[in-house]
Amino acid sequence: PPLAHAPVVKSGSVEGRVGRQGSPAAGARVTVRSASARVVQAGPAGTFAFDEVAPGELWLSAALDDEASQVQGPLMLGPGERRAGLVLELHPGAAVSGQVVDSQSREPVGGAQLVTSGGAGVTDGNGRFVLRGLPPGQTWIEASAKGHLPRVEWLSLDARLHRLHHGDAPARGAERAGERARHPRLADVGVGAGDEEAAHGR
């Protein structure tokens, strides 16, 4: 019998604008996260557009300098749907500092790639980093490094400087059988402010 072909799922699109105190935020970095993160730069009128977005849940955010919007989502995008008229408003952002370590050896991971709802960064030789321009409220950080499984951590921040510490939340996302042994996860992390726990896995 002929092989059955999987149905083609039509992608959608997301459009909107970024503002700051009533004015367009030209040049803002806009991030959409679904299965992976994609970034575009807002135009002179603060407008942005993402084409070929996979249907399903997605999260949207923007950042410029040390300001950031709240993360909008989860937004549901249907097959072939055009989602327009979304507005991201920039406000003073939060900052996070911390260290990426191997989940098994606890050794620092230098050169790890960090992607967030407000920007991107790379850890130094000791695995340390500082990320600024993150939105107060709900946000996420994704860490990846060669030879390790990537990790996404959802955080809840206010407008203070937070420090990442080791936690025990489970990694988000599926792992193929045997993959963990070949590629250890990056360490589980959370965010704390003083003695008050301010993070949670999601």
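Two residues are in contact when heavy atoms of theirs lie within 4.5 Å. Keep that in mind as you open this predicted model: among contacts in the chain between residues at least 6 apart in sequence, 60% join residues at least 24 apart.

**The whole chain**

Start with everything shown and coloured by secondary structure. The chain has 19 strands and 1 helix. Buried residues account for 45% of its 202 residues.

**An open sheet**

Next, select strands E13, E12, E15 and E16. These 4 strands form an open sheet in the order E13-E12-E15-E16, with antiparallel pairing. Strand E13 (119-122) and E16 are the edges; each has a single partner strand, so one side of each lacks a neighbour in the sheet. Look along the sheet for its twist, which averages 20° from one strand to the next. As a reminder, strands of a sheet pair through backbone hydrogen bonds, either parallel or antiparallel.

Now zoom in on E15 (residues 137-144) and E16, which pair in the antiparallel sense over 7 bridges. Pick Trp 140 here: its bridge partner in E16 is Trp 154.

**Around Trp 140**

What does Arg 33 lie over? Arg 33 sits over the face of Trp 140, 4.8 Å from the ring centre.

Is Thr 116 buried or exposed? Thr 116 counts as buried because its relative accessibility is 1%, and the cut-off for buried is under 20%. Leaving aside neighbours within four places in sequence, Thr 116 is in contact with Thr 31, Leu 131, Leu 134, Trp 140 and Ile 141.

**Aromatic pairs**

Finally, show the aromatic rings. The count of aromatic pairs comes to 2. One is Phe 48 with Phe 50: the ring centres are 6.2 Å apart and the planes meet at 65°, so this pair is edge-to-face. Phe 48 is buried, at 6% relative accessible area, and Phe 50 is buried too, at 0%.

Trp 59 and Trp 154 form a tilted pair, 5.2 Å centre to centre with 55° between the planes. Trp 59 lies in strand E6 (residues 56-64) and Trp 154 in strand E16 (residues 151-157), so the pair ties together parts that are 95 residues apart in sequence. Both Trp 59 and Trp 154 are buried. To end the tour, show Trp 154 together with Trp 140, its bridge partner.

Technical notes
Residues numbered from 1 in each chain as written. Predicted model: local features only at pLDDT ≥ 70, side-chain atom pairs only at ≥ 80, totals over all residues. Heavy atoms only, no water. Buried < 20%, exposed > 50% of the residue type's maximum accessible area, 1.4 Å probe, protein only. Phe/Tyr/Trp six-rings, centres within 6.5 Å; stacked < 30°, edge-to-face > 60°. Helix = DSSP H or I, 4+ residues; strand = E, 2+ residues; numbered from the N terminus. Lys NZ or Arg CZ within 6 Å of the ring centre and 35° of its normal. Pairing = 2+ DSSP bridges. Axes fitted to C-alpha atoms, helices over the stretch in contact; angles between N-to-C directions.
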